[in-house]
Amino acid sequence: MTKPSCMPPDNNTRTPRFVAPANACDAHCHVFGPHAQFPYADTATYWPPDAGKDALKRVHDKLGISRAVLVQASCHGRDNRAMMDAIATSNGAYRGVCMADDTFTDNDFQDLHEGGVRGIRFNFVTHLGGAPNLEMMERVLKRVKPFGWHLVIHVNAEDIIRYEDFFNRFDMDIVVDHMGRVPTSEGVGQKAYQILLDFMQRDNWWVKVCGSERIAISPPFYDAVPYAQGLVEVAPDRILWGTDYPHPNIKKHMPNDADLLDLVPLIARDEATQKKILVDNPARLYGFDD
């Protein structure tokens, strides 16, 4: 069986101009394969080029990043083994966000938690298969809530509008991937972004100011900065940042990860806020030790 692939990442990571603080965390990145060891899911809409834990470590070493949150991507589906293997060999430097459904047993969830998982992700975006079964999602969230896990939602702008009331049902921490994928071409007044700002007024909502290469029109992705700045202004204590390495399904402008790290001092102009976003906030949410 074969599936559509996607562009490989730019593994020629340059040295960033911005020097990340000690214990900086890439709070949104992936490990893909190697597929010979960790096969991709037959149900996935794409099978990307391999980008395993060793490739990720090389990128982080170049960027000066020592911690990471690995987010399970749809190409591996609910088979979390590649992610769990990377966490297990990280000497405590990695945490994880899994994908799961109601076929998972209580022991499965316990094993994931003991292995470093602290959240569960549900995709709503159309190109990855669209929204999950909402009743199943609610059942699963009730089961993982006792672990203290949070919900990660991968949504497009239109999903924020459509599922606003549904998302507001949950009294657990909710983390929004990629600034809700709100397109910069629609302006900061667009409805989805305004709803996202409203979400962030609530103490249980978090957002990742990553995915600038996904919402911006073109490099160097500066048009994404005002969107991130607006979110930081509302809730600086609930902002995360990530590379999104290896950037699956980028259609045109594959970023160099140093360019994305160099957006941080534009998004957060003072060192105290930069440290919150890169160190303090992910340490608090994911339980990293100082």
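# Pockets, cavities and cysteines

Visitor: How much space lies in the second largest pocket?
Guide: This is a predicted model: local features need pLDDT of at least 70, side-chain atom pairs count only at pLDDT 80 or more, and totals for chains, interfaces and linings use all residues. Residues are numbered from 1 along each chain as its sequence is written, and side-chain values use heavy atoms, with hydrogens and water left out. On a 1 Å grid over the protein atoms alone, a pocket is an open set of points where a 1.4 Å probe fits, with protein on both sides within 12 Å along at least five of seven lines. The probe spheres set on the points, joined across faces, edges and corners, fill the volume, here about 230 Å³.

Visitor: Which residues lie closest to the centre of the second largest pocket?
Guide: Its lining (residues with an atom within 4 Å of a point) has 13 residues. By class, four are nonpolar, four polar and five charged. Closest to the centre are Glu213, Arg214, Asn249, Ile250 and Lys251.

Visitor: Which strand gives the most to the lining of the largest pocket?
Guide: The largest pocket has a volume of about 390 Å³. Its lining has 19 residues, with Ser74, Arg78, Met99, Asn123 and Leu128 nearest the centre. Nine are nonpolar, seven polar and three charged. Three residues come from a strand (a DSSP run of E, at least two residues) at 117–123, and this top contributor is E4.

Visitor: What is the volume of the largest cavity?
Guide: A cavity is a set of points where the probe fits but cannot get out. There are three of 30 Å³ or more. The largest cavity is lined by 14 residues, with Tyr46, Leu128, His154, Arg214 and Pro248 nearest its centre; four are nonpolar, six polar and four charged. Its volume is about 100 Å³.

Visitor: How many disulfides does a search of the whole structure find?
Guide: A disulfide is a pair of cysteine sulfur atoms within 2.5 Å. Cys29 is in none, as the nearest cysteine sulfur, in Cys25, is 7.6 Å away. Cys29 is also buried (under 20% relative accessible area), at 0%. The number of disulfides in the whole structure is zero.

Visitor: Which residue holds the cysteine sulfur closest to that of Cys75?
Guide: Cys75 is buried, with a relative accessible area of 0%. Its sulfur has a closest cysteine sulfur 7.9 Å away, too far for a bond. That sulfur belongs to Cys6.

Key. Helix = DSSP H or I, 4+ residues; strand = E, 2+ residues; numbered from the N terminus. Nonpolar A, V, L, I, M, F, W, Y, C, P; charged D, E, K, R; others polar. Buried < 20%, exposed > 50% of the residue type's maximum accessible area, 1.4 Å probe, protein only.
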